[in-house]
Amino acid sequence: VWEYLENKKPQLSMVSLDCTGGELKQWRENHMGLRTCKEVCERLAQIGCITNETLLYVNHFSHNCGHTHDELVPIAAEYGFEVAYDGCEVEA
C-alpha cells in the first residue's frame with residue numbers, strides 16, 4: 001500500500017485510522033494506537049497524500065484503550081484527530 005501511495009500520491013480529503021490501543025498502546029500490527037496513527041499521518045503528509053485540510057479521524061477504540069469516547073476526544077485532539085463513533089457521518 002505504501003508503494004502505491006508513494007507512486008500515485010492520491011490527495012486524501014479524509015483519513016480514518018484504527019485506534020484500538022488509544023494512548024496506552026503503540027501497536028504496529030493488526031491494530032494501532034494514537035502514536036502509531038500520528039506516525040501514519042506524518043508519513044502520508046511526507047509523501048504528499050494529505051495536507052492541513054485533510055480531516056483526520058480515529059476509530060475502533062475499545063476497552064483496550066482504557067477510555068470512553070468522551071474521554072478520548074480531548075486526548076486524540078492533542079494528536080490532531082477527531083474521534084469517530086457509531087453512526088458518525090462526515091462530509092469531506
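This is a predicted model: local features need pLDDT of at least 70, side-chain atom pairs count only at pLDDT 80 or more; totals for chains, interfaces and linings use all residues.
Biologist: What makes up the protein chain, in helices and strands?

Modeller: There are three helices and three strands. From the N terminus on, their order is α-β-α-β-α-β.

Biologist: How do you know that the radius of gyration of the protein chain agrees with a compact globule?

Modeller: Set the value against the rule. For 92 residues, a compact globule would come out near 12 Å. The protein chain has 13 Å, so the two agree. The C-alpha atoms fill a box of roughly 40 × 30 × 20 Å along the principal axes.

Biologist: What share of the residues counts as buried?

Modeller: Of the 92 residues, 34% do. The accessible surface comes to about 6,000 Å². Carbon and sulfur atoms hold 47% of that surface.

Biologist: Which share of the contacts joins residues at least 24 apart?

Modeller: Take the contacts between residues at least 6 apart in sequence. Of these, 63% join residues at least 24 apart.

Biologist: How far apart are the mean positions of the positive and negative charges?

Modeller: They are 11 Å apart. The chain has 7 positive and 15 negative charges.

Biologist: Now single residues. Why is Thr20 called buried?

Modeller: Buried means under 20% relative accessible area. Thr20 has 3%, so Thr20 counts as buried. Thr20 sits in the loop between strand 1 (14-18) and helix 2 (34-46).

Biologist: Which residues does Thr20 touch, leaving out those up to four places away in sequence?

Modeller: Among them are Trp27, His31, Phe61 and Cys65. Asn59, His60, Ser62 and Asn64 are also on the list, as is Met32.

Biologist: What makes the pair Thr20 and Asp18 a polar contact?

Modeller: The cut-off for the N or O atoms is within 3.5 Å. The side chains of Thr20 and Asp18 are joined at 2.7 Å, so the distance passes.

Biologist: Why is Asp18 called buried?

Modeller: Asp18 has a relative accessible area of 15%. The limit is under 20%, so Asp18 is buried. Asp18 belongs to strand 1.

Biologist: What else lies by the side chain of Asp18?

Modeller: The backbone nitrogen of Met32 does. A polar atom of the Asp18 side chain lies 2.6 Å from that nitrogen. Beyond four places in sequence, Asp18 touches Asn30, His31, Met32, Cys37, Asn59 and His60.

Biologist: How do you know that Gly22 is buried?

Modeller: Gly22 has 0% relative accessibility. That is under 20%, so Gly22 counts as buried. Gly22 lies in the loop between strand 1 and helix 2.

Biologist: How far is Gly22 from Ile75, in sequence and in space?

Modeller: They are 53 residues apart in sequence. In space, C-alpha to C-alpha, they are 8.8 Å apart. Leaving out residues up to four places away, Gly22 touches Met32, Gly33, Leu34 and Cys65.

Biologist: Why is Ser16 called partly exposed?

Modeller: Partly exposed lies between buried, under 20%, and exposed, over 50%. Ser16 has 38%, so Ser16 falls in between. Ser16 is a residue of strand 1.

Biologist: What makes the pair Ser16 and Asn59 a polar contact?

Modeller: Their side chains meet at 2.6 Å. The limit is within 3.5 Å, so this distance passes too. Beyond four places in sequence, Ser16 touches Tyr57 and Asn59. Ser16 and Cys37 are 21 residues apart in sequence and 9.2 Å apart in space, C-alpha to C-alpha.

Biologist: Why is Asn30 called exposed?

Modeller: The relative accessible area of Asn30 is 80%. Exposed means over 50%, so Asn30 is exposed. Asn30 is in the loop between strand 1 and helix 2.

Biologist: Why is Lys9 called partly exposed?

Modeller: Lys9 has 41% relative accessibility. Buried is under 20% and exposed is over 50%, so Lys9 counts as partly exposed.

Definitions and conventions: Residues are numbered from 1 along each chain as its sequence is written. Side-chain values use heavy atoms; hydrogens and water are left out. Helices (H or I, at least four residues) and strands (E, at least two) are DSSP runs, numbered from the N terminus. Buried means under 20% relative accessible area, exposed over 50%, partly exposed in between (1.4 Å probe, protein chains only). A polar contact is a pair of N or O atoms within 3.5 Å; within protein, one must be able to donate a hydrogen and the other to accept it, and residues adjacent in sequence count only if both atoms are side-chain atoms. Contact means heavy atoms within 4.5 Å. The radius of gyration is taken over C-alpha atoms; the globule rule is 2.2 Å times the number of residues to the power 0.38. Accessible areas come from the Shrake-Rupley method with a 1.4 Å probe; for residues, only the protein chains shown count as cover. Lys and Arg count as positive and Asp and Glu as negative; His and the chain ends are not counted. The place of a charge is taken as NZ of Lys, CZ of Arg, CG of Asp or CD of Glu.
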